[in-house]
Amino acid sequence: MAVAGQRSDRRTTREHLPFALVLLVVAVAALRIFQYHWREGAVLIGGALLLAGLLRGILPTEKAGLLAIRGKPVDVLTYAALSVLILFVALTIIGGPFGGSS
């Protein structure tokens, strides 16, 4: 009985690995933003969303874990659209916060 419970726990943990990978990229982005490299941080957040969309598109729903919110096409399109929007803003904005550039 305990063995079956362990298998279930491992499977649940593996299901959350894609989301954990995306969160790791977001954590690095937050670090860069806190270090006043906001443009790099914003690009990393856009990249994290792009990674989320890619993982959601590649993985079956059962293995996508917390990346699966709606149906696969809606999730992939939403992640991709948000990624493009954030990357566009990060790469085209001039001056940045407090008038400085980084």
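A salt bridge is a side-chain nitrogen of Lys or Arg within 4 Å of a carboxyl oxygen of Asp or Glu. I start my notebook with that term.

**Entry: ground rules.** I am reading a predicted model, where local features need pLDDT of at least 70, side-chain atom pairs count only at pLDDT 80 or more, and totals for chains, interfaces and linings use all residues. Residues are numbered from 1 along each chain as its sequence is written, and side-chain values use heavy atoms, with hydrogens and water left out.

**Entry: salt bridges.** I searched the whole structure and found two salt bridges. In one, the side chain of E40 meets that of R32 at 2.8 Å, N to O. I looked up the accessibility of E40 next. E40 counts as partly exposed because its relative accessibility is 42%. The cut-offs are these: buried is under 20% relative accessible area, exposed is over 50%, and partly exposed lies in between (1.4 Å probe, protein chains only).

D75 forms a salt bridge with R56, and the closest N and O atoms are 2.8 Å apart. This pair links distant parts of the chain, with D75 in helix α4 (residues 72-92) and R56 in helix α3, 19 residues apart. D75 has 4% relative accessibility, so D75 counts as buried. R56 has 1%, so R56 is buried too.

**Entry: overall layout.** I counted four helices and zero strands. From the N terminus the order is α-α-α-α. Helices (H or I, at least four residues) and strands (E, at least two) are DSSP runs, numbered from the N terminus. Of the 102 residues in the protein, 21% are buried.

I also checked contacts, which means heavy atoms within 4.5 Å. Among contacts between residues at least 6 apart in sequence, 57% join residues at least 24 apart.

**Entry: α2 against α3.** How do the axes of α2 and α3 cross? The axes of α2 (residues 17-34) and α3 (residues 38-58) come within 7 Å and cross at roughly 170 degrees. That makes α2 roughly antiparallel to α3. Axes are lines fitted to C-alpha atoms, for helices over the stretch in contact, and angles run from 0 to 180 degrees between N-to-C directions. Under 35 degrees counts as roughly parallel, over 145 as roughly antiparallel, 65 to 115 as roughly perpendicular, and the rest as oblique.

Residues making the contact include L21, V25 and R32 of α2, and W38, E40 and L44 of α3. By class, the contact has 16 nonpolar, one polar and two charged residues.

**Entry: the core.** Which residues make up the largest nonpolar core? I list seven: V22, A48, L49, A52, L55, L67 and Y79. Four of them, the largest share, come from α3. A nonpolar core is a set of buried Ala, Val, Leu, Ile, Met, Phe, Trp, Tyr and Cys residues joined through side-chain atoms within 4.5 Å.

**Entry: L49 and S83.** Not counting residues up to four places away in sequence, L49 touches Y79, L82, S83 and I86. I followed S83, which sits in helix α4. S83 counts as buried because its relative accessibility is 0%. Leaving aside neighbours within four places in sequence, S83 is in contact with G46, L49 and L50. S83 and A48 are 35 residues apart in sequence and 7.8 Å apart in space, C-alpha to C-alpha.

Terms used:
Ala, Val, Leu, Ile, Met, Phe, Trp, Tyr, Cys and Pro count as nonpolar, Asp, Glu, Lys and Arg as charged, and the others, Gly among them, as polar.
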